[in-house]
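Thanks for opening this one with me. Here are a few friendly notes to read alongside the structure, point by point.

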Amino acid sequence: MAGRSSATVAGLTVAALAGIGFLAFQASASAPDHLTPSHHSSASPSPSSSAPQKDKGGAGRHGAQSASAVPANSGTGRRVVYALDARRVWLVGEDGKAQRTYEVTPSTVSPSPGAYAVTTRTETTPGSDGIAVVHVVRFTLVDGVTIGFSAAQDGSTPAPDPQSRTGGVRESLKDAEAMWQFAPTGTKVVVVP
């Protein structure tokens, strides 16, 4: 009888764990976009998140900080932070905390580190590489090349042709929508190395 009781308890435990796992899956599948990672196609995987997440290795690209940590010396207050080496953007709230962070595909022409402001925005236009882009948020000009954030209308984020002079920092469609909502004209943009 004791053997049968142990088997029953074991069976109930397995069933309970399976039920919990199923409920966890259902909860994650039905969570709103702002609470779940966004996925997009690209030539190389580039994780994106609507909420800051820790880098799986516990440190950023150079080992100094996690991907979710807003870079030090990037100013204060509400701002967009673009880290050139990390190829990452942070949308930072007034409280100094990242509301969203995600990887980007940089352009062939990059701005120098410093503080800028959003100068113009365009909903849809041909990009400097000829690809139709949406949610264009421009913030500076480098040697005649306009620099700004945008998404390819088809959602792709291929590396730009190194022989061309382009200024579009490419984002996924969901990330570009978040940038569009976050950064009206005049929003501070801080570029860090």
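1. Let's begin with a turn: how many residues lie between β7 and β8 in their hairpin, and which residue in the turn has a positive phi? There are two residues between these strands, and aspartate 143 is the one with the positive phi, about 50 degrees. Please keep in mind throughout that this is a predicted model.

2. Valine 142 makes a handy landmark here, as it stands opposite valine 145 in β8.

3. Now follow β7 to its other neighbour. β6 and β7 are also antiparallel, with six bridges between them, and threonine 125 faces valine 133 of β7 across the pair. These two strands form a hairpin as well, with five residues between them, and in it glycine 130 adopts a positive phi near 90 degrees.

4. Stepping back, you can see an open sheet of four strands, ordered β6-β7-β8-β9, with mixed pairing. Its edges are β6 (120-126) and β9 (168-170), each of which pairs on one side only. On average, neighbouring strands are turned by 35 degrees against each other, direction ignored. The parallel part of the sheet is found where β8 (residues 145-152) meets β9, over three bridges; look there for glycine 148, which stands opposite glycine 168.

5. A helix belongs in this picture too. Helix α2 (residues 173-182) packs on the sheet and touches β6, β7 (132-142) and β8. The direction of α2 makes about 55 degrees with that of β7.

6. Is β7 enclosed or open to the outside? Nine of its eleven residues are buried, so β7 is largely enclosed by the rest of the structure. Leaving aside residues up to four places away in sequence, threonine 140 touches Pro111, Tyr116, Val145, Thr146 and Ile147.

7. Finally, turn to the second largest pocket, which has a volume of about 200 Å³. Which strand gives the largest share of its lining? That is β8, with four residues. The lining has 14 residues, and Gly127, Ser128, Val136, Thr146 and Gly168 lie nearest the centre of the pocket. Each of β6, β7, β8 and β9 supplies at least two lining residues, so you will meet the strands of the open sheet here once again.

Key:
Residues numbered from 1 in each chain as written. Predicted model: local features only at pLDDT ≥ 70, side-chain atom pairs only at ≥ 80, totals over all residues. Heavy atoms only, no water. Pairing = 2+ DSSP bridges. Axes fitted to C-alpha atoms, helices over the stretch in contact; angles between N-to-C directions. Contact = heavy atoms within 4.5 Å. Buried < 20%, exposed > 50% of the residue type's maximum accessible area, 1.4 Å probe, protein only. 1 Å grid on protein atoms, 1.4 Å probe; cavity = no way out; pocket = protein on both sides within 12 Å on 5 of 7 lines; lining within 4 Å. Points joined across faces, edges and corners; volume = space filled by probe spheres on them.
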